[in-house]
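Hi everyone, thanks for having me. Today I'd like to walk you through one structure, one piece at a time, so please keep the picture in view while I talk.

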Amino acid sequence: MIEIICSHLQWFWLGIMVLCIVVEAMTTFALVSIWGALSAFIMIFVSRSGMDFRWQLLLFLVMAILLVIFTRPFVMKKLKLEKNVTNVNTLEGQEVLVVKGVERFNKGEVKAVNGVIWAALALSGENIPEGRVCIIRRVDGNTLIVEPKQEENHE
């Protein structure tokens, strides 16, 4: 098997390049295996030099690792592929006022401290009447998942 690979190294590296591109496409462009594809592309030309397969494999691995380490962060930043962080997550833990009752199978509406009205669902599926103060437990799309604030007993 190794003899067949060594006699057709250009095709071997072309196959590795295609495999890396397919893996990259299947991983929603995490920009990890694409560097292996780039390294394999370079190896197609290096294989024409007659270099021993072990050295080619070592060179391929070194190039791929160096490309991942040194170019991936730059490309991720330029393509803006990092997760978009928004200020919506800062709402978690804040108090809101129910302005339209929240029912088990119907969204209600709550008013945040900044005056913005949001669609809301109850965390436990319970009904929450209008006028009740709730705590935002999480954000699901454009809907706040809320829980009624526990009444404090002052005795």
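Let's begin with strand 4, residues 133–140, and strand 5: the two run antiparallel and are joined by 6 bridges. Please remember that we are looking at a predicted model.

Now follow the chain through the turn. How many residues lie between the strands in the hairpin of strand 4 and strand 5? There are 2, and glycine 141 in this hairpin takes a positive phi near 70°.

Stay with strand 5 for a moment, because 5 of its 6 residues are buried, and the rest of the structure therefore largely encloses this strand, which covers residues 143–148.

Strand 5 has another partner too. Which sense does its pairing with strand 3 take, parallel or antiparallel? Strand 3, residues 117–122, pairs with strand 5 in the parallel sense, over 4 bridges. Here you meet isoleucine 145 again: this residue of strand 5 is the bridge partner of leucine 121.

Next, strand 1 and strand 2. Strand 1 takes in residues 95–100 and strand 2 residues 108–111; they run antiparallel, with 3 bridges joining them. A pair to look for here is lysine 100, standing opposite glutamate 109 in strand 2.

In what order do the 5 strands close into a barrel? The order is 1-2-3-5-4, and the pairing is mixed. From one strand to the next, the twist averages 55°.

Serine 39 sits in helix 3, which spans residues 34–46. Is serine 39 buried or exposed? Its relative accessible area is 0%, so serine 39 is buried. What does it touch, leaving aside neighbours within four places in sequence? Serine 39 is in contact with Phe60, Met63, Ala64 and Leu67.

Last stop: the cysteines. A disulfide is a covalent bond between the sulfur atoms of two cysteines. How many disulfides are counted in this model? The count comes to 0. Where do we find cysteine 20, then? With 14% relative accessibility, cysteine 20 counts as buried, because the cut-off for buried is under 20%. Cysteine 134 is buried as well, with a relative accessible area of 0%.

Key
Residues are numbered from 1 along each chain as its sequence is written. This is a predicted model: local features need pLDDT of at least 70, side-chain atom pairs count only at pLDDT 80 or more; totals for chains, interfaces and linings use all residues. Side-chain values use heavy atoms; hydrogens and water are left out. A disulfide is a pair of cysteine sulfur atoms within 2.5 Å. Buried means under 20% relative accessible area, exposed over 50%, partly exposed in between (1.4 Å probe, protein chains only). Contact means heavy atoms within 4.5 Å. Two strands pair if DSSP finds at least two bridges between them. Axes are lines fitted to C-alpha atoms, for helices over the stretch in contact, and angles run from 0 to 180 degrees between N-to-C directions.
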